[in-house]
Each structure stands twice: as structure tokens, then as C-alpha cells.
Amino acid sequence: METFYKQEDLEVFRKWVYYQVTSDPRLKLEKYDSRTYKIYYKNRVARFVVWPIGIVEEAIMEGEELLFYLHYQFYNFHYATNLFHRMMEKLLEDEKPNSHILLCCSGGMTTGYFAEKLNKYCQLNHLPYHIDATAVYQLENVYQKYDLILIAPQLRYKQHELSQKLKPVLVDNIDASIFATYDCQAMIEHIEKIIKDENK
């Protein structure tokens with residue numbers, strides 16, 4: 001097919017999308033206007049638009065938050081259906097419950113600042129983690145609420161003792177280079193590795 005779209009192929013694609021959505025009982029389809037379908041799933045709304053110039057636009061909103069956005073020139077059916085499936089995977093993706101993680105240092109101040117930065121990073125990147133911070137002397141009062149406790153480098157010597165005392169909650173340490181630079185990406189990678197290793 002030439003790179004220029006053909007109107008009849010676009011119309012076939014639009015009908016294919018209509019039947020894909022209406023055949024799934026989890027979804028509700030609304031014909032918003034002559035160009036647009038709105039597709040509802042739980043508290044998410046997908047918008048599928050075919051513009052007269054052959055541009056297809058796909059977006060997913062959850063409240064005021066944009067979760068997904070694509071726009072592309074319609075070249076062929078295979079290319080377009082592949083991109084539509086990507087949008088639908090995102091729409092139907094069930095949110096994972098947040099893992100609750102506790103950072104701990106001597107007084108709770110430096111880990112408090114790091115936890116604040118990490119929560120902002122997780123929100124921006126739609127990551128399923130909620131992170132709090134506490135001082136080491138408060139640990140025994142609060143640890144039951146958490147899936148993972150990460151201790152600051154200055155408390156590394158207490159890891160074995162705390163691991164025994166706070167069972168079954170996993171206790172690990174924060175690498176000094178991550179802690180010293182407040183490197184959110186490296187910290188999340190560290191958390192994901194610990195969780196993955198624990199679930200093996």
C-alpha cells in the first residue's frame with residue numbers, strides 16, 4: 001500500500017475497532033462524534049479519533065491524568081491494529097497494589113527527605129511504591145505495616161540484628177553511593193532487584 005492512506009482502509013479499521021470494543025463485555029463504547037469513539041473501562045476513558053487527513057489519535061485518561069497518548073499516520077491495517085492493541089493493553093491493565101517501603105536512619109531526617117523525593121519520582125513514573133521514613137528507635141512500633149525496610153549506610157552494622165527482630169518483614173540496606181546522591185532511579189532499581197530476588 002502507498003504511504004498515502006486510502007479512505008476505504010481507514011473505514012475498515014474504524015469498523016474493526018468498533019467490533020473489537022463492543023465484543024468485550026468489560027468495555028463500554030460511546031460514539032462521541034463522527035470521528036471519535038470513547039471507550040470506558042473502570043475509572044479510565046480511552047479516546048480513539050480518526051481524523052480526515054488519515055491521522056489516528058489514541059489517548060487514555062484516568063481522572064485528570066494522561067496515562068497514554070499516541071498519534072500516527074495510518075499506513076496499513078497491520079501497523080494500525082498493532083498500535084490499537086498497545087492502547088488497549090494499557091487501558092485494561094489492572095493497577096498493582098502499592099508496595100509499602102520504609103526507609104530508616106538514625107534520626108529519620110535524611111531518609112525523610114529521600115522518601116519525599118522517591119514518592120514524587122514514583123508518581124511521575126506511575127510506579128507501584130509508597131515510601132515512608134522513620135528513625136531507628138521507632139522501627140519496632142511501625143514495621144508491621146511495611147513490605148520492605150531499607151536502612152541507611154550508617155546502620156548497616158545492624159542489618160542482621162534488625163532482620164531477626166523484625167521478621168517476617170525483609171530488611172536490607174541502602175548503598176552508600178545511592179544514599180549520598182539521593183539517586184531516585186538507582187534506588188528504585190535497587191528496590192526492584194530486592195523484591196525480584198525475594199520472589200524467586
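Modeller: K42 is placed in the loop between strand 2 and strand 3 (strands are DSSP runs of E with at least two residues, helices are runs of H or I with at least four, and both are numbered from the N terminus). The model is predicted, so to speak of local features requires pLDDT of at least 70, and side-chain atom pairs count only at pLDDT 80 or more, while totals for chains, interfaces and linings use all residues. Residues are numbered from 1 along each chain as its sequence is written, and side-chain values use heavy atoms, with hydrogens and water left out.

K42 is not a glycine, yet it has a positive phi of about 50°. Most residues other than glycine have a negative phi, and most peptide bonds are trans.

Strand 3 (residues 44–50) is joined to strand 4 (residues 55–62) by seven antiparallel bridges, and A46 stands opposite I60 of strand 4.

Another open sheet has four strands, paired in parallel in the order 7-6-8-9. Its edges are strand 7 (129–135) and strand 9 (170–173), each with a single partner strand, so one side of each is left without a neighbour in the sheet. The twist in this sheet averages 25° from one strand to the next. Strand 6 (residues 99–105) and strand 7 share seven bridges in the parallel sense, and S99 has Y129 of strand 7 as its bridge partner.

Helix 3 (residues 109–124) lies across strand 6 and strand 7, at about 175° to strand 7. Helix 7 (residues 184–198) lies across strand 6, strand 7, strand 8 (148–151) and strand 9, at about 130° to strand 8. The axes of helix 3 and helix 7 come within 10 Å and cross at roughly 80°, which makes helix 3 roughly perpendicular to helix 7 (under 35 degrees counts as roughly parallel, over 145 as roughly antiparallel, 65 to 115 as roughly perpendicular and the rest as oblique). Helix 3 contributes F114, K117, L118, Y121 and C122 to the contact, and helix 7 contributes C184, Q185, M187 and I188. Seven of these residues are nonpolar, one is polar and one is charged (Ala, Val, Leu, Ile, Met, Phe, Trp, Tyr, Cys and Pro count as nonpolar, Asp, Glu, Lys and Arg as charged, and the others, Gly among them, as polar).

The loop between helix 5 (159–165) and strand 9 holds P168. The peptide bond from K167 to P168 is cis, with omega near 10°.

Notes:
Pairing = 2+ DSSP bridges. Axes fitted to C-alpha atoms, helices over the stretch in contact; angles between N-to-C directions. Contact = heavy atoms within 4.5 Å.
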